[in-house]
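Welcome, and please have the viewer ready.

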Amino acid sequence: MSEKKWSVDPVTNELYEVACAEGMETVWERHQEQEPRCGFGELGICCRNCFMGPCRIDPFGEGAQKGVCGATADTIVARNFIRMVAGGAAAHSDHGRDVATTFLAAAKGEAAGYEIKDERKLHQVAAQAGIETEGRDNKDIAIELGELALSQFGQQEGEVVFTNMAPESVRARWRREGIMPRGIDREIVEIMHRTHIGVDTDADNILRQGSRAALGDGWGGSMIATELQDILFGTPRPLTAEVNLGVLEPENVNVVVHGHEPALSEMIVVAANDPEMLKLAEEQGAKGITLAGICCTANEILMRHGIPVAGNFLQQELALATGVVDAMIVDVQCIMPGLTDSKDCVHSKIVTTSPKAKFPGAMHIQFDEHNALETAKEIVKTAILNYKNRRGAVRVPKGKTELVAGFSTEYIQYMLGGHFRGDYWVLNDNIISGRIRGVAGVVGCNNPKVIHDQLHVDVVKELISNDILVAQTGCSAIACAKAGLLVPEAALEYAGPGLTEVCETTGMPPVLHAGSCVDNSRILAVLSRMVQAGGLGEDISDLPVAGAAPEWMSEKAISIGEYVVASGVYTVFGVGLPVTGSPVVSELLFERYAETRGGRWAVAPDARTMAAMMIDHINERRGTLGIEEKKERVLFDMAARRELA
Ligand code: SF4
Ligand code: MSK
């Protein structure tokens, strides 16, 4: 048995030992095999953008200070950084494109099983996009919205339409700095062009293109994904569910969905409840069908249906180690290639569904949105028929935790005052009065370089104990849910007195689950509405808010970080950032961005420092706004109210 603790989550540690005993290789062994890491890569100073290289810069100043072409560390680091932005923005935006395609097919009646679920949001989003809604048929509005959304990817000039949700001061800055995105795909392509050998060499100019592509992700590709998914599948509202590997049911057929795009998983939800499928499961000797999720697919169907979450990024292989996963259905992003290696130890079938992501050793059942329910049934049937092939011991741990999820931008507004009085002013008022010190977005992945989930949980506990309301997405939300922070009672145990008071009044948890990685666009929308509501400055950068990705690992996290920073938010990353090989790029990202982007990047070595940096920033913003002192609550009588009016 290993002595080392891999996770703060006991369930993960337990399953890790099981996996080792079964001879299953996991991410942690592969991580150790990679040690020591390449120092050039960690600093961002290696380049293989052409085959005169690969080239690397000596960080100690003794060896080569330029690549063969003459590129310096500053050029190489800046190019590498924005190529990460391109990868992340492409992933999110391609997700958005697929959603828009399905949305348009559904609007035209060409995608059986999909329909407009949220008409109110259809009208609101269409109006935001400048589409006439008055007196028009929903079908016509939806077709026009779907076509407009799709056009944003190939748009060559102008401004990506949903950037119009941002406050005017922010948009003016984007125009002034030359970082307003013109079209979603265009900015990603331009990154690849500019970082080709012999094109852009100036670090500042290179980073500007990174910001422009990242903004095209946050306010374009990701925003389109979130908004159209809400219209098509329903805008989330709070619901309770369970999280961790203990949600798997040994006596049921267990189907685990993993990846990012909800178009298929929405249909798997329907198929798993189909009487024909349930009957087939019984015929195979199972008591029923359990559906659970991993990573962001989990967050999507959790937010809309309360489907349990089996785990986050580093738990995907451990889910198979339970011996009861009859099929793991994957689509795109964050799916470890190592999953298919487990087939020698467990019976689980890995089913790929996207033509963009096939895995040697996996079974492929291609998803087609025009025939979605039939595909979903075929997949569920594959899992059911695999139930009888189980072999070896069943190792489902007992651990699972309750959580509340479903905090969409719209619901947060409603929660703060109902349909008629609901307004972000209520949140701002709580911030001005000091009951809530500020708001933090804590998001992102897991990374085996640090103890699984620990940074997420420790940072969030520290923030809420300082009366900072936390909004979460992605694997970070799953981490804190497992730690019991996403229930209203967590306020009593962990939150400061002001935040506890607000949580008790509204019944909300101190940590709000806002969805998947593309749903970080919800956080952008919340920030815009906070500025609109007034009292906290004119710009997102004026707000007492901060962001963090404590255990990031993916290119998507870099794109998210860049668009959040370029929207005006101070953002701290854990684990390190591969830019420190260039003093010029470091100075731009960590300091000068504050003037040109409104927000800036920071890196923290541990949870306590990360939380302290965020709190210091929030306090500093409160000072600038003149609200640093916690104000006493004032009870108004009628005379005082008249005076106010
Ligand atoms: Fe080397 Fe320049 Fe080619 Fe990069 S682009 S590999 S630094 S020669
Ligand atoms: S799934 S991008 S590991 S958050 Fe969105 Fe989790 Fe990070 Fe993937």
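## Cis peptide bonds

Pro54 lies in the loop between strand 1 (46-47) and strand 2 (55-56); helices (H or I, at least four residues) and strands (E, at least two) are DSSP runs, numbered from the N terminus. The peptide bond that leads from Gly53 into Pro54 is cis, with omega near 5°. Another cis bond joins Glu35 and Pro36, where omega is about -5°. Pro36 has its place in the loop between helix 2 (27-33) and helix 3 (39-43). As background, most peptide bonds are trans.

A note on conventions: this is a predicted model, in which local features need pLDDT of at least 70 and side-chain atom pairs count only at pLDDT 80 or more, while totals for chains, interfaces and linings use all residues. Residues are numbered from 1 along each chain as its sequence is written, chains are lettered from A and ligands numbered from 1 in the order in which they are written, and side-chain values use heavy atoms, with hydrogens and water left out.

## The site of ligand 1

Gly53 turns up again here: the residues around ligand 1 include Cys47, Cys50, Gly53, Cys55 and Cys69, along with Arg79 and Ile197. To count, a residue needs a heavy atom within 4 Å of the molecule. By class, this shell has seven nonpolar, three polar and one charged residues; Ala, Val, Leu, Ile, Met, Phe, Trp, Tyr, Cys and Pro count as nonpolar, Asp, Glu, Lys and Arg as charged, and the others, Gly among them, as polar.

## The site of ligand 2

Around ligand 2 there are 13 residues, the closest being His260, Cys334, Cys445, Cys475 and Cys517. Helix 12 (295-305) and helix 19 (474-482) are the elements that give two or more residues to this shell. Its classes are eight nonpolar, four polar and one charged.

Ligand 2 lies between domain 2 (245-389) and domain 3 (420-625), because both give residues to its shell. The domain bounds come from an automatic or database domain assignment.

## Positive phi values

Most residues other than glycine have a negative phi. Asp467, not a glycine, has a positive phi of about 65°, and it lies in the loop between helix 18 (454-465) and strand 12 (468-472). At 10% relative accessibility Asp467 counts as buried (under 20% relative accessible area; exposed is over 50%, partly exposed in between, with a 1.4 Å probe and protein chains only).

Val575 has a positive phi too, near 70°. At 27% relative accessibility, Val575 counts as partly exposed.
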